[in-house]
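Thanks for coming, everyone. Let me put the structure up, and then we'll walk through a few places in it.

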Amino acid sequence: MVYCGKLSKACLPCRKRKLRCDLRTDGCTQCARAQLTCSGYRDTHALRLRDESTAVQKRVHAKKATKEVPRSVSLSACCQARDIFYHNYVVGSTKPFNFLQTIYSPTCKDEHLSRSVDAVALAYLNYQRPLPSAEDEARQHYVTAIARTSAALQSPDEAKQDSTILAILLLDLYEKITNKDPSFYGAWAAHLSGALTLVKLRGDQQFNEPSIVRMLMRLSTNLLISCVASGRPVLADLVALRNTLAAHFPTPADPKWRESDLMIEFASLRQDLEKGVISDVDAILALTELDAKFTKLGKEVPPAWQYKTVQVEVKSSHHYESFHHVHPAEHVAQMWNTLRLTRLSINEFICSRCLRLQRQQKSSQALHAIQQCATRAIKEMASDVCASLPQYIEDPPSSFVQAFTKTGLSHAESKLETHISPAGPPDPTHHLPCYRLIFPLFVAAQSSAVSPSMWKWVIKQLRFMADYHAIENAMSVAKILESGEKPDIWKVYAMLGSYAFVC
């Protein structure tokens, strides 16, 4: 109810004409002069309070109707990048950077760390889902992060901070995403070598914090992979760091940790082979012994790291043979495929050395038996790599399967120029488990003992990844295989983003 104040008793014609009404009983004088019918006078007591509820409701609804409510909130590229980076690296299935949660927060005051996070997150986003501004913005953050990190290194106190080593790890990750050449020693080794020097300056007290131990384990793993990929020798300081970490590692029997120890032996032996400081016979013996160690590791993995072999009555398009492997987790599949790839490389070395001895007329029955054993191992490892695919490659809608099947696969007729793109392909950032299989499949397909049928099957799977999952690098690798080229496998590993995505 609304109070309307003191009202006039005048008749309606007088109020409209704004004349003084004399309020005569039989009609006012003004109406009589104008020959109008006097309407009578108002009861001012009854009109002082008026119900305005309906009118107020109408005004409120009218205001609401004029306001535009946004349908969605637009996030900046940097915010999207951080979210995707955290999902895949910090809280995802493999969690390679899970220690980031305890060292970094969005309100971090260490600019060199916050800039490094933004740089690598944007680079990662641009690599998987190109955005016009992401690459330039990532480069700007990287340049600033380099400058701020260099300034932090000038201070003895800041140089020893956890944030500084973490920033260097992230800058290294940025390099792996953006630089595709493992032979470029500067970018591939400088950051991690610098971080290794800082670790030595920090002393033994750093090993008392579990999150820091995990960070240093990531440093040692990344540096080891860099050494293997670029053909550089394994640093003595890296071996010393790993020996110290082993004493603080919660589960020293962890298969991935044992596997990385064997990878150090492989890297050192590979160096000797490339330098030619070891004879062919001694090389074959050393390689055979190392392969036996990897085989033993595969037999001794605890139950939580074992996979299940599933037989199928009807093979799908993603089955090379009538079985596939089911791993309890993605990091378990990664461990097994790393083991298979390493054994593939070891046995390829054995076969090449045996062939060289045969050309030198130094063959023997024992040597022939070793070569046959190595060939069987190559076939077995390649088959197991193919068997790891069905678990992580999704089946598309039936309409897409029919369209994809009609394209066929002929090395002579198809050069992968035509892409089948179903409506609304999945976001490739959600298919990293599938992406990580590209490198193992490539190594298996270009091995010396691969059959033509496996070679064709691998190309078909890579084409599927490119068309259905929108993974462009899968098509690039398929074209390499089709061309018949035999590039260094680590060049392809670098092209795929190295351990930023693959390991």
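Helix H17 gives the largest share of the lining of the largest cavity, with 3 residues. This is a predicted model, so a few ground rules: local features need pLDDT of at least 70, side-chain atom pairs count only at pLDDT 80 or more, and totals for chains, interfaces and linings use all residues. Residues are numbered from 1 along each chain as its sequence is written, and side-chain values use heavy atoms, with hydrogens and water left out.

Back to the cavity. On a 1 Å grid over the protein atoms alone, a cavity is a set of points where a 1.4 Å probe fits but cannot get out; lining residues have an atom within 4 Å of a point. Helices (H or I, at least four residues) and strands (E, at least two) are DSSP runs, numbered from the N terminus. The whole structure has 3 cavities of 30 Å³ or more. The largest cavity holds about 40 Å³ of space. A volume here is the space filled by probe spheres set on the grid points, which are joined across faces, edges and corners.

Which residues line the largest cavity? They are His 319, Tyr 320, Glu 321, Phe 323, His 324, Ser 383, Cys 386, Ala 387 and Pro 390. Two elements give two or more residues to this lining: strand S4 (323-326) and helix H17 (365-387). By class, the lining of the largest cavity has 5 nonpolar, 3 polar and 1 charged residues. For the classes, Ala, Val, Leu, Ile, Met, Phe, Trp, Tyr, Cys and Pro count as nonpolar, Asp, Glu, Lys and Arg as charged, and the others, Gly among them, as polar.

Next, a pocket. That is an open set of grid points with protein on both sides within 12 Å along at least five of seven lines. The second largest pocket has a volume of about 460 Å³. It is lined by 17 residues, and the closest to its centre are Ser 345, Glu 348, Phe 349, Gln 446 and Ile 489. Helix H14 (255-275), helix H16 (330-359) and helix H23 (489-495) each give two or more residues to the lining. H16 gives the most, with 6 residues. The lining of this second largest pocket splits into 8 nonpolar, 5 polar and 4 charged residues.

A salt bridge is a side-chain nitrogen of Lys or Arg within 4 Å of a carboxyl oxygen of Asp or Glu. How many does the structure hold? The structure holds 18 salt bridges. Take Arg 356 and Asp 280, whose side chains meet at 2.6 Å, N to O. Arg 356 lies in helix H16 and Asp 280 in helix H15, so this pair ties together parts 76 residues apart in sequence. Asp 280 is buried at 11% relative accessible area, while Arg 356 is partly exposed at 33%. Buried means under 20% relative accessible area, exposed over 50%, and partly exposed in between (1.4 Å probe, protein chains only).

Arg 242 sits in helix H13 (residues 236-248) and Asp 261 in helix H14, 19 residues apart. Arg 242 is buried, at 2% relative accessibility. Asp 261 is partly exposed, at 34%.

Now an arginine without a partner. Arg 218, in helix H12 (residues 210-230), is buried yet has no salt bridge. The nearest side chain of opposite charge, Asp 172, is 8.5 Å away. Lys and Arg count as positive and Asp and Glu as negative; His and the chain ends are not counted. What does Arg 218 contact, beyond its neighbours within four places in sequence? Pro 96, Phe 97 and Phe 99, where contact means heavy atoms within 4.5 Å.

Last stop: backbone angles. Most residues other than glycine have a negative phi. Ala 470 has a positive phi of about 60°. It lies in the loop between helix H21 (452-468) and helix H22 (472-483). Ser 498, in the segment after H23, also has a positive phi, near 55°. Ala 470 is partly exposed at 31% relative accessibility, whereas Ser 498 is buried at 0%.
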